[in-house]
Amino acid sequence: METTASALPPLAPAAGPTVREVQAKGILTTSNLPVCDFSANPYTGCTHGCRYCYASFMKRFTGHDEAWGEFLDVKLWPPIKRPEKYAGKEVFIGSVTDPYLPEEAEHRRTRALLEELRGVSVKLSIQTKSDLVLRDLDLISQFSDARVGFSVNTLDEGFRAAMDRGAPIERRLAAMEAFHDAGVRTTCFVSPIFPGITDVGAIVERVRGICNLVWLENLNLRGAFKADILAWVAEARPDLTPLYDAIYRKGDTSFWQELDSEIAAFAQARGLDYVVNDDTMERSFDAPPAIVNFFYHEKIKKSARKAAENRP
């Protein structure tokens, strides 16, 4: 679980991203994600421009010529019919695109969705890399079953800036603390875990007093950005090139199995629950955070589950 500052320059700001309004048939869609019944993405595209973005494949469905990270479609949808039918359902806002991109300050589509759902007893989850979500603390706190997740895969601001254009890490953590202090459940999403770079233990220690859950997700390299990330590792951390070659070129999953065991021991030593694919919201608000392994690769999920089942 080591970490290092990036010696490379940060990502350049998005140079005047293309922003347009588009008509959408609706905003809530059924989801097969393990954390929700319905998902909502008030925007298509993303101006964070994360190097590792798993959603960049969505570009092919947008009709945009711009590179992923350089355009944003602002969705306009008709009023939700019978919103009360979603009562008791888990609704996840931001499953593909961050709902609190800088453009949300102007377009307010995420806030519009929250206003439509206000008064409906949904189980609300929001995921973001931004502290703009603080603007809606008053509204989110009106949901009796809500949580706000913040993506934090490093405490090294140099590495963060080399990977995404989201808010600085300390601002994310300050927003997390503000929501937690207000009685809103918070999640620290340690994703993606960069082998040899992301210090999971340090992050857990930093957030254990200001969050209710810690989600873990491994770095999944596929598509066009695989070569970019491997090239970045070769330049910034050549000492890690053999490890990344083993994982991402040869399909070796032993690193993730070892990390699973390491985090389990770390959690046990600190009296923290460590579970696999368990996203319950039934824990006491004041309970220490549970660490939840959401390693998504099928082989890793199987090994992690087996390891969990064999632990005393």
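Tutor: Let's open with a contact you can find on screen: the side chains of Glu170 and Arg206 meet in a salt bridge, at 3.0 Å from N to O. Keep in mind that this is a predicted model.

Student: Okay, which helices do Glu170 and Arg206 lie in?

Tutor: Glu170 belongs to helix H5 and Arg206 to helix H6 (residues 200-207), so the pair ties together parts that are 36 residues apart in sequence.

Student: And are those two buried, exposed or partly exposed?

Tutor: Glu170 is partly exposed at 47% relative accessibility. Arg206, with 36%, is partly exposed too.

Student: What about networks: which residues are joined through salt bridges that share partners?

Tutor: One network takes in Glu104, Arg111, Glu115, Arg135, Asp136 and Asp138. The count of salt bridges comes to 18.

Student: Which residue does Arg171 form a salt bridge with?

Tutor: Its partner is Asp131, and the closest N and O atoms are 2.9 Å apart. Arg171 is in helix H5 (residues 169-181), while Asp131 sits in the loop between strand E7 (123-128) and helix H3 (137-140), so this bridge links parts 40 residues apart in sequence. For accessibility, the cut-off for buried is under 20%. Arg171 has 43% and counts as partly exposed, whereas Asp131 has 18% and counts as buried.

Student: How would I read the bridge between Asp164 and Arg160?

Tutor: Start with the distance: the closest N and O atoms are 3.4 Å apart. Then check burial. Asp164 is buried, with a relative accessible area of 3%, and Arg160 is buried at 9%.

Student: Let's move to strands. How many residues of strand E9 are buried?

Tutor: A general idea to begin with: in a regular strand, side chains alternate between the two faces of the sheet. Now the case here: nine of the nine residues of E9 (residues 185-193) are buried, so this strand is largely enclosed by the rest of the structure.

Student: Which strands pair with E9?

Tutor: Strand E8 (residues 146-151) runs parallel to E9, joined by five bridges. To place one of them, look at Phe150, whose bridge partner in E9 is Cys188. Strand E10 (residues 213-218) also pairs with E9 in the parallel sense, over five bridges. There, Ile193 has Asn218 of E10 as its bridge partner.

Student: And what unit do E9, H6 and E10 make?

Tutor: Trace the chain from strand to helix to strand: E9, H6 and E10 make a right-handed β-α-β unit.

Technical notes: Residues numbered from 1 in each chain as written. Predicted model: local features only at pLDDT ≥ 70, side-chain atom pairs only at ≥ 80, totals over all residues. Heavy atoms only, no water. Salt bridge = Lys/Arg side-chain N within 4 Å of Asp/Glu carboxyl O. Helix = DSSP H or I, 4+ residues; strand = E, 2+ residues; numbered from the N terminus. Buried < 20%, exposed > 50% of the residue type's maximum accessible area, 1.4 Å probe, protein only. Pairing = 2+ DSSP bridges. Right-handed = clockwise from strand over helix to strand, strands pointing away.
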